[in-house]
Amino acid sequence: MKKYVFGIDIGGTTVKCGLFKTDGTILEKWEITTVLGSILEDVAKTIEEKMAEKNIAKNDVSGVGIGVPGPVTSEGYVVVGVNVGWPDGKDVKGELEGMLSLPVAVGNDANVAALGELWLGSAQGAQNAIMYTLGTGVGGGVIIDGKVVAGPNGAGGELGHSLAVLNGSACNCGKNGCLETVASATGIVRETVNYLASTDTPSPLRDLEKIEAKDVFEAAKAGDTISLKMVDQLGFYLGLNMANVAAAVDPEKIIVGGGVSKAGDFLIDAIAKHYREFAFSSVRNAEFVIATRGNDAGIMGAAYMVMTAS
């Protein structure tokens, strides 16, 4: 029985690293700077240094899990990773296994974060779950039978790029009307600014030099009519999308994370209202939970990915 597993979460600025026992106990977490051009070499180096420091033998390590910002195939190939200097793709699994002589599992960072919540966070005990990470964009993760759905092109779980609005706003992916354009922090602000311009209804938001998503939620909680409308609209878009995805996944839990999730139950209530309206009867009672592992979800899910790899 292997004793240890490493979880790595590669970001554009830092690489988060974690050393775990295979029972989920985190022994240590640390960060290294993301240096474009030598990311994998630096990851291999920090893992080897940690093993030497802790006197860990390779035959006691289950492997290394890695979350990366970009689509990842089931073979561990990163299709594109612009933010980490891999615009033409990267064989992360093959290259890192060659450097470390350890098994390596690779996944999209949003998918991996969902696994982290499943293993040690808000979705513990579930086998089927969907996760929406609401931040600057909308990340997603789909888990079926305890494993992430990645797909042959690494596009499994790209929930933020499912269609929400016909002929809607332009999305960074090149399409128009993606869920991300209306349900991300950026999208909430855009929708609110556009609506304010279309009406003379008074709102405290008009007094702000720059509106942020948290301002909309704070004003809504205080009873502002326009902000309440915007939160309800957000709940509509997310609730409808979640109901459609749930019809395919049959989730026990629907996880909501990211900066926007700080709105807490106020946000969940807005989403659940519309989800219950649209959901197929057999999935209507899926449990909504707020992600609890924050920035640690990535390293946790990466480690768990190794232990559930077939």
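## The largest cavity

The largest cavity holds about 30 Å³ of space. A cavity is a set of points, on a 1 Å grid over the protein atoms alone, where a 1.4 Å probe fits but cannot get out. The volume is the space filled by probe spheres set on the points, with grid points joined across faces, edges and corners. Over the whole structure, the search finds 1 cavity of 30 Å³ or more.

The model is predicted: local features need pLDDT of at least 70 and side-chain atom pairs count only at pLDDT 80 or more, while totals for chains, interfaces and linings use all residues. Residues are numbered from 1 along each chain as its sequence is written, and side-chain values use heavy atoms, with hydrogens and water left out.

The largest cavity is lined by Val182, Gly187, Ile188, Glu191, Met230, Gln233 and Leu234 (lining residues have an atom within 4 Å of a point). Helices α5 (185–198) and α7 each supply at least two residues of this lining; helices (H or I, at least four residues) and strands (E, at least two) are DSSP runs, numbered from the N terminus. By class, the lining of the largest cavity has 4 nonpolar, 2 polar and 1 charged residues. Here Ala, Val, Leu, Ile, Met, Phe, Trp, Tyr, Cys and Pro count as nonpolar, Asp, Glu, Lys and Arg as charged, and the others, Gly among them, as polar.

Helix α7 (residues 225–249) and helix α8 (residues 265–278) have axes that come within 7 Å and cross at roughly 50 degrees. Axes are lines fitted to C-alpha atoms, for helices over the stretch in contact, and angles run from 0 to 180 degrees between N-to-C directions. The two helices, α7 and α8, are therefore oblique to each other; angles under 35 degrees count as roughly parallel, over 145 as roughly antiparallel, 65 to 115 as roughly perpendicular and the rest as oblique. Among the residues making the contact (heavy atoms within 4.5 Å) are Leu234 and Leu238 of α7 and Phe266 and Tyr275 of α8. The contact of α7 with α8 comprises 15 nonpolar, 3 polar and 2 charged residues.

Helix α5 packs against helix α6 (residues 213–221) at an angle of about 65 degrees, and their axes are 8 Å apart. Ala185, Ile188, Val189 and Thr192 of α5 meet Ala213, Val216 and Phe217 of α6. This contact of α5 with α6 has 6 nonpolar, 1 polar and no charged residues.

A pocket is an open set of points with protein on both sides within 12 Å along at least five of seven lines. The second largest pocket has a volume of about 490 Å³. Its lining has 23 residues, of which Ser74, Ala105, Val106, Met305 and Ala309 lie nearest the centre. Strand β5 (104–108), strand β8 (147–148) and helix α9 (297–308) each supply at least two lining residues, and β5 gives the most, with 4 residues.

Helix α9 also packs against helix α3 (residues 109–120), at an angle of about 80 degrees with axes 6 Å apart. Helices α3 and α9 are therefore roughly perpendicular to each other.
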